[in-house]
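Q: How should the features of a model like this one be read, one at a time?

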Amino acid sequence: MDPDFLNAFTQPSTLNRSLTEDVIAKGEKRKLIKPISSNNPKLEELKLFLTEWINRTLREEHIVVKSLEEDLYDGLVLHHLLENLGSLKLDVEKIALTEKKQRQKLSVILEVVAKCLQLEESQLKWSVESILAKDLLSTLHLLVAIAKHFEPTLALPRNVQVETITIETTSKGLKTSNAVEYITENKENIEAQSKDDAFELFSCAPDKLDAVKKALLQFVDQHIGKLGLNVKDIESQFSDGVILLLLIGQLEGYFLNLRNFFLTPASTMEMLHNVNLALVLLADGGLLNFPVNSEDIVNGDTKAIVRVLYCLYSKYRTKEA
């Protein structure tokens, strides 16, 4: 295999490291970021963002990452990151000096990640071999998935896409194919899917509900805290409509006249009045385009409350990002 030929399609640094006849076996495929995308400002922004996020997360452990590919391949940083973010105890030594032990360590780590994210093997965009080979594309996909799962409010750079080339050795020689691949979500797709996200939390991914509730509470506290209030429980503290009204007022810039709602509702009827007013304000602002039973919210129904909060969260998280 002529290295000069491959250099026309791939990154030289990646080629020298992994694309030789000894590494790519017959029938094996390898996907790489094309040189045209290697200096993409959006890609550089994502790399810097993830690097700073890791360093910020692991500051107390005095771990400093300078290169995502070079510093994560042996599993040490990933080990610390998972323990810090998910309070996970991994049954593997933190320091692995030999390639064999590094491969074993990565196998344990990536198995835990797949289990946490509830991903099948066919859904994974990384592997033990690709991370060990310091593959940038795989490393980015892995870090983005970890960040989105454990810190769903993290404002990852959006619409990061790269041009890729997939290389395969066959009995007839070298076979290549080109594609455009998103590393972070397409903004348009996010907006189109945002209406369905709350439904999916309860049907397709109920395991992520706690993480989303935590993210919503952080979002609410960020704005309600300006009024000297604190929210710790979604089900109970939103049932009377007061916090919801105050949150809408903070976000939408409404001046809510105290005569229009009950600041300290003393009955179910007063709570329903508050909730109905909040739903009207949301609908008038174009934030609510699905039916919500106000009685469900008063009764502390998690699904109803999360769906309503998610409308505000989706809009204002985008603005803050």
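Q: Which residues does leucine 132 touch, not counting residues up to four places away in sequence?
A: In this predicted model, leucine 132 touches Tyr73, Glu99, Gln102, Arg103 and Leu106. Leucine 132 itself sits in helix 8.

Q: Is leucine 132 buried or exposed?
A: Buried means under 20% relative accessible area. Leucine 132 has 11% relative accessibility, so leucine 132 counts as buried.

Q: With which residues is lysine 94 in contact, leaving aside its neighbours within four places in sequence?
A: The list is Leu76, His79, His80, Glu83 and Lys105.

Q: What share of the contacts in the protein chain comes from residues 24 or more positions apart?
A: Among contacts with a separation of 6 or more, such pairs account for 60%. The protein chain has 321 residues, and 46% of them count as buried. Its secondary structure consists of 16 helices and 3 strands.

Q: How can the length of a helix be checked, taking helix 4 as the case?
A: The expected span is 1.5 Å times one less than the number of residues. Helix 4 covers residues 41-57, and its 17 residues should therefore span 24 Å; the end C-alpha atoms are 24 Å apart, in agreement.

Q: What is found at the start of helix 4?
A: There, a side-chain oxygen of asparagine 40 comes to within 2.9 Å of the backbone nitrogen of lysine 42. For helix 9, the start has a side-chain oxygen of aspartate 135 within 3.4 Å of the backbone nitrogen of leucine 137.

Q: How far apart are the end C-alpha atoms of helix 9, and how many of its residues are buried?
A: The rule of 1.5 Å a residue gives 21 Å for the 15 residues of helix 9 (136-150), and the end C-alpha atoms are 21 Å apart, so the two agree. Of those 15 residues, 14 are buried, and helix 9 is mostly covered.

Q: How much space lies in the second largest pocket, and what lines it?
A: The second largest pocket holds about 820 Å³. It is lined by 31 residues, and the closest to its centre are Arg30, Ser127, Glu129, Ser130 and Ser138. Two or more lining residues come from each of helix 2 (12-18), strand 1 (29-33), helix 7 (99-117), helix 8 (128-132) and helix 9. Helix 7 provides the largest share, 7 residues. By class, the lining has 13 charged, 10 nonpolar and 8 polar residues.

Q: What does a search for cavities find?
A: Over the whole structure, 1 cavity of 30 Å³ or more is found. The largest cavity has a volume of about 30 Å³, and its lining is Phe238, Leu244, Ile297, Ile305, Val308 and Leu309. These divide into 6 nonpolar, no polar and no charged residues. Helix 16 (residues 302-320) gives the most to this lining, with 3 residues.

Q: Which residues does glutamate 235 touch, not counting residues up to four places away in sequence?
A: Glutamate 235, located in helix 12 (residues 234-237), touches Lys213, Gly300, Thr302 and Ile305. With threonine 302 there is a polar contact between the two side chains, at 2.6 Å. Glutamate 235 counts as buried because its relative accessibility is 18%.

Technical notes: Residues numbered from 1 in each chain as written. Predicted model: local features only at pLDDT ≥ 70, side-chain atom pairs only at ≥ 80, totals over all residues. Heavy atoms only, no water. Helix = DSSP H or I, 4+ residues; strand = E, 2+ residues; numbered from the N terminus. Buried < 20%, exposed > 50% of the residue type's maximum accessible area, 1.4 Å probe, protein only. Polar contact = N/O pair within 3.5 Å; in protein donor to acceptor, adjacent residues only side chain to side chain. Contact = heavy atoms within 4.5 Å. 1 Å grid on protein atoms, 1.4 Å probe; cavity = no way out; pocket = protein on both sides within 12 Å on 5 of 7 lines; lining within 4 Å. Points joined across faces, edges and corners; volume = space filled by probe spheres on them. Nonpolar A, V, L, I, M, F, W, Y, C, P; charged D, E, K, R; others polar.
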